[in-house]
Amino acid sequence: MHPLSRIAAFGLLLVALPPTLAACHKPPAKAEAAAPAHVALWEISDTSGTRGWLFGTVHALPAGLQWRRPAIDTALARADRLVLEIAQPLDGNVAGVALARLAYTPGLPPPSARVAMKYRDALAKVYKQLGLTDAQFQNEESWAVALQIAATGGQKEGMDPASGVEPQLRRLIGTKPVEGLETLDGQFGIFDSLPEPAQTTLLEQVAVEAADDRDDEADMLKLWLRGDDLGIARESETGFLGDPQLHQALLSGRNSAWATKVDAMLKAGAMPFVAVGAAHVAGSDGLPELLKARGWQVRRVD
C-alpha cells in the first residue's frame with residue numbers, strides 16, 4: 001500500500017499538500033468496474049430516536065470512484081450539520097504555509113542520515129522514484145518529510161484530495177453548517193509534537209511502504225467500499241500505525257478527544273453527520289465503540 005493510501009484512509013492527514021515536484025504528476029487512475037459500493041454508515045440514537053450518524057471517509061481517491069449509496073444521501077438530508085475533521089475546505093497553499101510554520105528546525109541532519117541504516121536503501125529508492133533529494137528537505141523535521149513524501153507519491157499514483165469524500169460531502173450538505181473537530185494547525189501540531197524517535201519511525205515506515213513495488217492500493221479501497229471495518233481495523237495495526245506511540249498519537253488519542261466533542265454535540269441537541277477518516281470508525285478504539293461506552297446506541301445502517 002502506498003503510504004498516502006494509509007494516511008488518506010486513516011485520517012492522518014486531511015488537507016492537500018502542494019506537490020514537491022510538479023513533474024511527479026500523472027493522469028489520475030480510472031476507477032475499475034466493481035460491485036456497488038456499501039461504505040459503512042452508523043446511526044447514533046437514544047430513547048428519543050435517531051440523533052446523528054458516523055461515516056468513515058477516504059481523504060484522497062482516484063477520480064471518478066463511486067462510493068455513495070441511498071442511505072448516505074438520506075442521512076445527509078436529515079442531518080442539521082456536517083462535522084468533519086477540519087471545517088475549512090481543502091487548500092494546498094494554506095496547508096503548505098501551515099506546514100512551514102511547524103516543520104523547520106535549524107541544524108537538522110539530512111533525512112537520509114536520520115533513518116537507521118537498514119532503511120536507507122528504501123529512502124534512496126523513493127527519492128529516485130519521485131525525483132527527490134535530501135536537499136529539498138533541508139532542516140525539515142522528520143514528520144514533515146514523511147508527509148510530503150507520502151503526498152507526492154500519492155499524487156503521482158493518481159490519489160487526488162480534490163476527488164476525496166470530504167469535498168463531495170460539502171457539496172451534498174448544501175447550505176447547512178460545516179463544523180470541525182480539529183484545526184489545520186492542530187492537525188499538523190499532532191505530528192509536530194511527536195518525539196523524534198517516533199518521527200523517525202514514521203519516516204522509516206513511509207519510506208518502506210513507498211518503496212514497496214506491490215500495488216495493493218486497490219485492496220485498501222475495496223475494504224472501504226464494501227464497508228469492511230474489521231479489515232480496516234486490522235490495517236490500522238500495521239506499518240507505522242503498528243508502532244504503539246504513533247497509534248496512540250494519531251488514532252486512539254484523537255478518537256477519544258473527538259468522542260468527547262461528538263457526545264457533547266449530541267447532548268446539546270445537534271443532529272450531526274460526522275465524517276472522519278475510515279480508521280477512526282473502526283476497531284475497539286473507534287468512534288462507534290467510544291460513543292457506545294458513553295451510553296449512545298450505535299448501529300450499522302444496512
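**A. Asp185, partly exposed, and its salt bridge to Arg101.** Asp185 has a relative accessible area of 37%, which makes it partly exposed; here buried means under 20%, exposed over 50% and partly exposed anything in between, using a 1.4 Å probe and protein chains only. This is a predicted model, where local features need pLDDT of at least 70, side-chain atom pairs count only at pLDDT 80 or more, and totals for chains, interfaces and linings use all residues. Residues are numbered from 1 along each chain as its sequence is written, and side-chain values use heavy atoms, with hydrogens and water left out. Asp185 pairs up with Arg101 in a salt bridge, with 2.6 Å between the closest N and O atoms. Arg101 sits in helix H3 (residues 92–103) and Asp185 in helix H8 (residues 184–192), so the pair ties together parts that are 84 residues apart in sequence. Arg101 itself counts as exposed, at 51% relative accessibility. A salt bridge, by the way, is a side-chain nitrogen of Lys or Arg within 4 Å of a carboxyl oxygen of Asp or Glu, and that rule gives a count of 12. Helices (H or I, at least four residues) and strands (E, at least two) are DSSP runs, numbered from the N terminus.

Other salt bridges, starting with Asp229 and Arg300. The closest N and O atoms of Asp229 and Arg300 are 2.8 Å apart. This is another link between distant parts of the chain, with Asp229 in helix H11 (residues 229–235) and Arg300 in strand E6 (residues 297–300), 71 residues apart. Arg300 is partly exposed at 31% relative accessibility. Also on show is the salt bridge from Arg68 to Asp73, with a closest N to O distance of 3.0 Å. Arg68 has a relative accessible area of 41%, so it is partly exposed, and Asp73 is partly exposed too, at 28%. Asp80, Arg81 and Glu179, meanwhile, are joined in a network of salt bridges.

**C. Glu166, buried with no salt bridge.** Find Glu166 in helix H7 (residues 165–173). The nearest side chain of opposite charge belongs to Arg170, and that is 7.6 Å away; Lys and Arg count as positive and Asp and Glu as negative, while His and the chain ends are not counted. What the Glu166 side chain does have is a polar contact with the side chain of Thr57, at 2.6 Å. (A polar contact is a pair of N or O atoms within 3.5 Å; within protein, one must be able to donate a hydrogen and the other to accept it, and residues adjacent in sequence count only if both atoms are side-chain atoms.)

**D. Helix H2 and its two sides.** The buried residues of H2 (residues 70–78) are Ile72, Ala75 and Leu76. They span an arc of only 100° around the axis, which puts them on the same side of H2; the arc is taken from the directions from the helix axis to the C-beta atoms. The buried residues pack against strand E1 (41–46), strand E2 (49–57), H7 and strand E5 (272–277), contact meaning heavy atoms within 4.5 Å.

**E. Helix H5 and what covers it.** Ala122, Leu123, Val126, Tyr127 and Leu130 are the buried residues of H5 (residues 120–130). Their arc around the axis is only 140°, which puts them on the same side of H5. Asp121 and Lys128 are exposed on the other side. The cover over the buried residues includes helix H4 (111–114), helix H6 (142–156) and helix H9 (196–211).

Trp143 in the largest nonpolar core. A nonpolar core is a set of buried Ala, Val, Leu, Ile, Met, Phe, Trp, Tyr and Cys residues joined through side-chain atoms within 4.5 Å. The largest one has 68 residues, and Trp143 is among those that touch the most other members, along with Phe55, Trp67, Ile149, Leu169, Trp224 and Phe273. Leaving out residues up to four places away in sequence, the residues that Trp143 touches include Leu99, Leu102, Phe188, Phe191 and Leu202. A second, separate core of 20 residues includes Trp258, Val262, Val276 and Leu290.
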